[in-house]
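Here's a quick briefing to read with the model open beside you. Grab a viewer and follow along.

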Amino acid sequence: MADHSSQHDPVTGTETTGHDWDGITELNTPLPRWWLWTLYATIVWGIGYTIAYPAWPLVSSATQGLLGYSTRAEVAEDIERVNAQNSEISARLASADLSTLSRDDPAYQFGVSGGAAVFRAHCSQCHGAGAAGAVGYPNLLDDAWLWGGTLEEIEYTVTHGIRNEQDADAHWSEMPAFGEIFSGEEIGMTTEYVLSLSGQDHDAAMAEGGAVLFAENCASCHGEEAMGDPSVGAPSLADAIWLYGGDRADIEYSIINARFGVMPAWGLRLSEEDVKAATLYVHQLGGGQ
Amino acid sequence: MFINWAVVNEMGTQPHSAPRAHMGMSDPANSSLYAAREPIFPRDVKGKFRRLKWAILVVTLGIYYAMPWIRWDRGPELPNQAVLVDLANRRFYWFWIEIWPHEFYFVAGLLIMAGLGLFLFTSALGRVWCGYACPQTVWTDLFLLVERKVEGDRNNQLRLLKSKWTFKKVRLRMTKWTLWLLISVATGGAWVFYFADAPTLLKDLFTLNAAPVAYSTVAILTATTFIFGGFMREQVCIYMCPWPRIQGAMMDDDTLTVAYRDWRGEPRGKARKHDATPELVGDCIDCNACVNVCPMGIDIRDGQQMECITCALCIDACDEIMTKLGRDRGLVDYLALSDEPRERAGNPPRSAWYHIFRVRTLLYTAIWGFFGLALVYALFIRPAIDITVAPVRNPQYVTLSDGGIRNAYDIRLRNKHGEARAFEFQLVGDEAFTLRLEGEDDLNVLVGADATELQRVYVVAPRGSGPAETGRTDLRFWVQDMVSGERVYKDSLFNGKGTE
């Protein structure tokens with residue numbers, strides 16, 4: 001480095017910084033002084049910021065900042081504000097009679113939107129995010145309902161659930177495990193008859209015997225035409241929808257062992273408006289009656 | 001610099017350095033890496049470019065302040081403000097044009113046109129945007145006008161700067177700053193009127209009922225206007241704006257830009273000397289008029305330099321002097337570099353149109369025009385109703401109790417009319433399909449004025465039909481506006497049992 005006294009570049013006449021590397025000198029093109037001030041201002045601002053807001057990491061936490069700001073508190077505040085905003089419409093939904101609630105009522109749309117959230121949080125684990133269900137978990141999009149598909153019936157099912165000890169009003173269907181009652185041949189005959197109900201390939205001779213067995217043992221719940229009975233949770237055996245599979249092996253297994261699905265009583269866990277919201281949501285998925 | 005006038009080297013000056021940075025910088029004791037701003041007091045000037053700039057100032061500021069107050073009747077359901085950016089409802093209104101968020105390509109197109117327009121003007125006329133139309137230039141001009149009205153012209157301002165803080169100085173300074181502040185508040189205030197109903201917002205602002213964001217926006221824009229227009233001025237152009245660096249790449253030998261005819265003016269000298277030895281002295285009498293009127297604080301005679309915003313006030317100033325002396329005007333003038341050799345050889349410059357009409361500018365104009373026509377075309381063919389179809393794919397299909405296969409589609413209907421309209425659905429595809437709307441008994445949906453409606457639509461293919469048993473089948477949704485008869489469609493797919 002050369003000496004620090006001021007020199008000038010012979011070509012441009014610009015002052016140099018006096019720095020010299022292998023004959024290359026550095027021109028001094030001064031920055032505006034206010035630029036320097038803005039740098040200092042940002043430093044001061046930065047220090048102030050770390051004092052005012054949570055910033056410095058400590059051993060097991062961090063400094064909290066003088067303003068007491070926290071993102072968690074801000075979210076809580078936001079939620080509180082939105083809840084307060086919705087309190088009126090939410091109360092209206094909670095006290096509404098769903099079967100007479102108009103679709104043009106803002107409370108209806110509020111319920112459907114809120115119900116979608118309730119469904120994702122509490123129902124989708126079994127019924128699926130798209131409500132298409134799975135083997136053993138009913139598809140809520142179709143037009144078949146074990147316990148009825150009107151708003152009133154859906155609300156009852158959501159509130160009290162199915163086959164749970166917590167709610168005395170829960171739906172409770174009872175199908176005997178015919179493996180302990182029927183002989184192997186009788187089970188085979190009944191299976192063939194059930195296959196015939198939905199128009200599947202079957203052994204007509206065996207089905208004839210199965211029809212007698214069905215009338216004596218199954219029709220009381222499933223109906224003489226096997227159309228099912230939502231009041232006792234008996235599914236229709238004559239349609240194309242099979243909760244536990246509709247081929248020969250699946251039907252035989254169901255007859256031998258019986259099937260018992262369960263569902264929590266959401267009335268004990270969710271608020272009234274959440275239950276109604278979920279009901280409205282499920283009802284408008286395509287199968288509501 | 002891209003254009004390097006021969007005179008730059010001859011004069012041995014520093015086009016890259018801060019304005020007047022050489023003053024006091026040669027003293028080693030004062031040598032510093034930081035330069036304080038040299039106050040600039042541009043003298044008032046009269047002339048054709050000054051008049052043009054005043055006219056542009058009046059027009060642009062007039063548009064800016066008045067635009068939000070223009071009313072435009074769009075019917076009872078829609079805002080009646082001619083120009084409104086309705087962020088809350090995601091609508092942009094511009095007189096008879098209404099832009100929805102999904103039509104933002106219009107705004108993108110306008111920005112492309114603005115960019116190309118800037119290229120065009122820069123390649124033809126240099127930094128004409130900077131010198132005449134840039135808000136920084138326009139508001140600084142307005143602030144300078146106030147400054148001159150309150151404190152007097154350049155010489156008075158210089159005196160006032162050096163004087164002690166007497167009562168008079170305090171009074172003048174307070175008057176000036178107050179006027180600046182009023183302009184700044186009006187400027188920041190006008191901005192927010194573009195985003196809400198102006199008369200309502202004005203009342204709300206004064207009755208303290210406006211949204212906090214409105215006050216903070218006004219406050220920030222007031223501060224920036226006050227500081228940028230009153231105190232930072234040329235510093236904004238030199239240090240904050242990227243345009244001076246970019247524009248160098250857009251100018252060429254034919255670009256008309258403000259320049260000094262050094263071959264005519266040099267060697268410069270006082271008029272008295274000129275009379276004694278006319279053959280030794282050029283036309284420039286070194287009166288510094290061009291320097292004194294420059295809002296950037298530079299000397300145009302040093303050649304083209306980054307700081308020059310080509311405001312052309314030096315042309316007016318020099319012409320005034322040359323007229324007084326009875327000499328030809330245009331010692332400082334709009335010049336193209338390619339004319340320099342011609343003029344040095346004693347020939348007249350080619351016409352401005354010769355420089356302006358060249359391949360480059362014509363190409364920019366063509367591209368600019370292409371985008372303009374495309375936008376106008378797009379504006380005319382865009383439908384007043386619109387749909388988007390989102391097939392529900394969780395699950396891909398639903399088996400119904402009778403064995404039929406059902407697909408669901410979430411269809412967003414858009415009604416851009418200022419009144420509610422009934423839309424009718426139609427399905428074109430396999431004959432086996434039946435169409436049903438969720439929550440509706442028929443195939444009609446009422447969509448509110450200037451609103452959208454999300455409607456779930458079911459398509460069912462009965463058991464055993466082609467679409468139900470195979471994989472994918474094409475289908476087309478038609479939607480018809482029952483009032484105007486306008487129809488739009490969207491294609492989609494039906495998933496049958498064969499879909500995997």
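Strands β1 (residues 7-8) and β2 (residues 15-21) of chain A run antiparallel and are joined by two bridges. This is a predicted model, so to speak of local features pLDDT has to be at least 70, side-chain atom pairs count only at pLDDT 80 or more, and totals for chains, interfaces and linings use all residues. Residues are numbered from 1 along each chain as its sequence is written, while chains are lettered from A and ligands numbered from 1 in the order in which they are written.

- β1, β2 and β3 of chain A make an open sheet of three strands in the order β1-β2-β3, with antiparallel pairing; pairing here takes at least two DSSP bridges between two strands.
- Strands are DSSP runs of E with at least two residues, helices are runs of H or I with at least four, and both are numbered from the N terminus.
- The edges are β1 and β3 of chain A, each pairing on one side only.
- A:Gln7 sits opposite A:Thr16 in β2(A), and A:Thr16 also stands opposite A:Leu27 in β3(A).
- Three bridges tie β2(A) to β3 (residues 24-27) of chain A, again antiparallel, and A:Trp21 is opposite A:Ile24 in β3(A).
- The β1(A)-β2(A) hairpin has six residues between its strands, and A:Gly13 there takes a positive phi near 80°.
- The β2(A)-β3(A) hairpin has two residues between its strands, with A:Asp22 in the turn at a positive phi of about 45°.

**Helix packing in chain A**

- Helices α2 (residues 71-94) and α9 (residues 272-283) of chain A pack at about 75° with axes 8 Å apart; the axes are lines fitted to C-alpha atoms over the stretch in contact, and angles run from 0 to 180 degrees between N-to-C directions.
- That makes α2(A) and α9(A) roughly perpendicular, a label for angles of 65 to 115 degrees.
- On the α2(A) side, A:Ser90, A:Leu93 and A:Ala94 meet A:Glu272, A:Glu273, A:Lys276 and A:Ala277 of α9(A), where a contact needs C-beta atoms, placed from the backbone, within 7 Å.
- A:Ala94 is partly exposed, with 16 other C-beta atoms within 10 Å; 20 or more would be buried, 12 or fewer exposed, and partly exposed is in between.
- A:Ala94 and A:Ala134 are 40 residues apart in sequence and 30 Å apart in space, C-alpha to C-alpha.

**Nonpolar cores**

- The largest core has 53 residues, and those with the most contacts inside it include B:Val258, B:Leu313 and B:Ala317; a core is a set of buried Ala, Val, Leu, Ile, Met, Phe, Trp, Tyr and Cys residues joined through C-beta atoms within 7 Å.
- Helix α15 (residues 313-325) of chain B gives this core its largest share, six residues.
- A second, separate core of 46 residues includes A:Val118, A:Met263, A:Ala265 and B:Ala461.
- Not counting residues up to four places away in sequence, B:Ala317 touches B:Val45, B:Ala289, B:Cys290 and B:Val293.

- Most residues other than glycine have a negative phi, and most peptide bonds are trans.
- The bond from B:Glu266 to B:Pro267 is cis, with omega near -10°, and B:Pro267 is in the loop between α12 (262-265) and α13 (271-276) of chain B.
- B:Asn394 and B:Pro395 are also joined by a cis peptide bond, with omega about 0°.
- B:Arg90 has a positive phi of about 55° in the loop between β2 (83-86) and β3 (91-94) of chain B.

How values were computed: Contact = placed C-beta atoms within 7 Å. Parallel < 35°, antiparallel > 145°, perpendicular 65-115°, else oblique.
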